[in-house]
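Please read it alongside the sequence and coordinates shown here.

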Amino acid sequence: MSHTFPTDPPPRAEGQHWRTVATLKGIPDATVARLPVYLRALSQLAEQQIGTISSGALAEAAGVNSAQLRKDLSYLGSYGTRGVGYGVEYLRLQIGRAVGSAHDWPVIIVGLGNLGTALANYSGFYSHGFSVVGLIDTSPELVGKRIHGLAISDLTELEDVVARTGAVIAVIATPAVAAQAVADRLVYLGVTSILNFAPTVLVVPEGVNVRKVDLGQELQILAYHEQRKTDDSSQILAESRGTSS
């Protein structure tokens with residue numbers, strides 16, 4: 001099944017202007033990217049009924065060094081106690097508030113091909129403080145169908161869906177040729193955070209947050225680590241044979 005997305009944004013009515021958004025500052029992007037990792041580690045510790053944990057043990061659970069963890073957490077405030085460590089539940093709450101998981105963030109997905117449909121069916125959205133409130137596509141075969149009880153709307157209804165749901169986060173899973181036009185419309189409507197699965201780089205105004213998800217690149221990174229494991233194992237085996245000879 002093939003369908004196309006229009007590549008031009010809708011004409012703006014007289015007097016309409018692109019909405020500008022203030023740039024978010026404070027915490028480095030690299031630190032922001034690690035906060036969900038810390039949150040996941042803390043959630044696992046909480047499930048094990050662990051009340052307090054040292055920075056070293058938490059860093060090990062999160063896969064970073066303790067100096068990096070302490071520096072990252074310093075951007076949020078001082079939550080540890082010298083000689084005691086961190087209260088797991090309290091730190092979990094504070095990081096959760098920082099990354100927004102304490103809120104119910106409305107999300108819309110634009111593009112309901114195979115990938116978009118898989119994302120719409122992803123239960124992890126709901127367990128991490130996100131609620132999918134809008135599904136958008138251009139295919140007459142898809143419009144009107146429901147996923148988890150939510151009807152897929154036509155792209156012509158994008159403005160109505162954003163206005164009705166108050167969505168500020170969008171997932172773009174359209175073909176590459178259509179992604180920029182969709183992003184332009186979303187930014188115009190006040191959507192300030194975009195997760196881009198389309199195989200293209202989006203150009204957006206300052207203050208709009210875009211996270212590019214390149215599945216091929218992520219797989220290559222995993223392949224690199226697997227290759228490292230293979231190389232290390234081969235080296236250890238060669239050294240052991242040299243020692244025993």
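The protein chain has an accessible surface of about 14,700 Å², and carbon and sulfur atoms hold 53% of that surface; such areas come from the Shrake-Rupley method with a 1.4 Å probe, and for residues only the protein chains shown count as cover. The model is predicted, with local features needing pLDDT of at least 70 and side-chain atom pairs counting only at pLDDT 80 or more, while totals for chains, interfaces and linings use all residues. Residues are numbered from 1 along each chain as its sequence is written, and side-chain values use heavy atoms, with hydrogens and water left out.

Of the 245 residues of the protein chain, 34% count as buried, where buried means under 20% relative accessible area, exposed over 50% and partly exposed in between (1.4 Å probe, protein chains only). The chain has nine helices and 10 strands, taken as DSSP runs (H or I of at least four residues for helices, E of at least two for strands) and numbered from the N terminus.

Strand E4 (residues 105-110) is mostly covered, with five of its six residues buried. The pairings of E4 are listed below; two strands pair if DSSP finds at least two bridges between them.

| Partner of E4 | Sense and bridges |
|---|---|
| E5 (residues 130-137) | parallel, six bridges |
| E8 (residues 169-172) | parallel, four bridges |

Within these pairings, Ile109 stands opposite Leu135 in E5, and Val107 has Ile169 of E8 as its bridge partner.

Turning to the helices, the axes of H1 and H2 (residues 55-62) come within 9 Å and cross at roughly 110°, axes being lines fitted to C-alpha atoms, for helices over the stretch in contact, with angles running from 0 to 180 degrees between N-to-C directions. H1 is therefore roughly perpendicular to H2, a class that spans 65 to 115 degrees. The contact (heavy atoms within 4.5 Å) is made by Val37, Tyr38, Ala41, Leu42 and Leu45 of H1 together with Leu58, Ala61 and Ala62 of H2.

Two loop residues deserve a separate look. Most residues other than glycine have a negative phi. Gln49, in the loop between helix H1 (29-47) and strand E1 (52-53), has a positive phi near 60° and counts as exposed because its relative accessibility is 75%. His148, in the loop between strand E6 (146-147) and strand E7 (150-154), has a positive phi near 55°, and its relative accessibility of 59% means that His148 counts as exposed.

Conventions: Parallel < 35°, antiparallel > 145°, perpendicular 65-115°, else oblique.
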